[in-house]
Amino acid sequence: MFRTSDIVLIAVMVAAAALTYKTKREAEEQLASVQKIQVQIRYEEETIDLLKADWSLLTQPSRLQKLTELYKSQLALEPVSARQIVGLSDLPAKALDIQDILKGRGDGMADNSSKAPSGGQDPVVTGGIAQ
């Protein structure tokens with residue numbers, strides 16, 4: 001009635017159908033997972049937009065001015081006078097750190113202007129690595 005080849009072919013077809021069903025189910029699960037993540041991302045983006053809008057409302061200059069006038073006695077704030085604004089040359093020099101002194105850098109910054117290029121290449125100093 002059934003030959004061996006018929007039984008083998010039926011077994012192969014059943015195995016292929018089971019594999020196809022399993023693959024389809026896994027793909028659908030992955031798609032559902034991706035859609036869930038996309039919904040979460042959309043929710044987070046909307047939350048960020050809402051928080052940005054709230055922040056812009058809270059930091060409006062007119063609102064801040066009203067709050068400073070309302071709480072003037074508690075905050076003890078005074079307007080900035082023109083004499084309080086100075087130029088860069090009026091600022092005090094940066095204090096020397098012991099590491100700057102040991103490395104021989106007086107200003108605390110890398111300065112390669114006095115070094116001559118060696119081997120046709122400019123010396124490069126980045127962080128703690130010197131080439």
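## Exercises on a helical chain

Lys 24 is exposed, because its relative accessible area is 51%, where exposed means over 50%, buried under 20% and partly exposed in between, with a 1.4 Å probe and protein chains only. Residues are numbered from 1 along each chain as its sequence is written, and side-chain values use heavy atoms, with hydrogens and water left out.

**Exercise 1.** Determine which elements the chain has, and in what order they run.

*Solution.* Begin with the rule, by which helices (H or I, at least four residues) and strands (E, at least two) are DSSP runs numbered from the N terminus. The chain then has four helices and two strands, and read from the N terminus these follow the order α-α-α-α-β-β. Next, consider confidence: the mean pLDDT of the chain is 82, with 79% of its residues at 70 or more. Among the elements, α1 has the highest mean pLDDT (96), while strand β2 (residues 129-130) has the lowest (47). Where pLDDT is low, the predicted coordinates should not be read in detail.

**Exercise 2.** Find the salt bridges of the chain, and state how many there are.

*Solution.* A salt bridge is a side-chain nitrogen of Lys or Arg within 4 Å of a carboxyl oxygen of Asp or Glu, and by this rule the count comes to two. In one of them Lys 24 pairs with Glu 28, the closest N and O atoms being 3.9 Å apart. Because Lys 24 and Glu 28 are four residues apart in helix α1, about one helical turn separates them. Glu 28 counts as partly exposed, at 45% relative accessibility. Arg 25 likewise forms a salt bridge with Glu 29, with the closest N and O atoms 3.9 Å apart, and both residues lie in helix α1, four residues apart, or about one turn. Arg 25 is partly exposed at 39% relative accessibility, as is Glu 29 at 47%.

**Exercise 3.** Decide whether Met 13 is buried or exposed, and describe the patch to which Met 13 belongs.

*Solution.* Met 13 is found in helix α1 (residues 4-58), and at 55% relative accessibility Met 13 counts as exposed. Together with Phe 2, Ile 7, Ile 10 and Val 14, Met 13 forms a nonpolar patch on the surface, with about 540 Å² of accessible area. Finally, for the chain as a whole, 2% of the 131 residues count as buried.

Key: This is a predicted model: local features need pLDDT of at least 70, side-chain atom pairs count only at pLDDT 80 or more; totals for chains, interfaces and linings use all residues. Patches are made of residues with over 30% relative accessible area and no salt bridge: like charges are joined within 9 Å, nonpolar side chains (Val, Leu, Ile, Met, Phe, Trp, Tyr) within 5 Å. Accessible areas come from the Shrake-Rupley method with a 1.4 Å probe; for residues, only the protein chains shown count as cover. pLDDT is the predictor's confidence in each residue, from 0 to 100.
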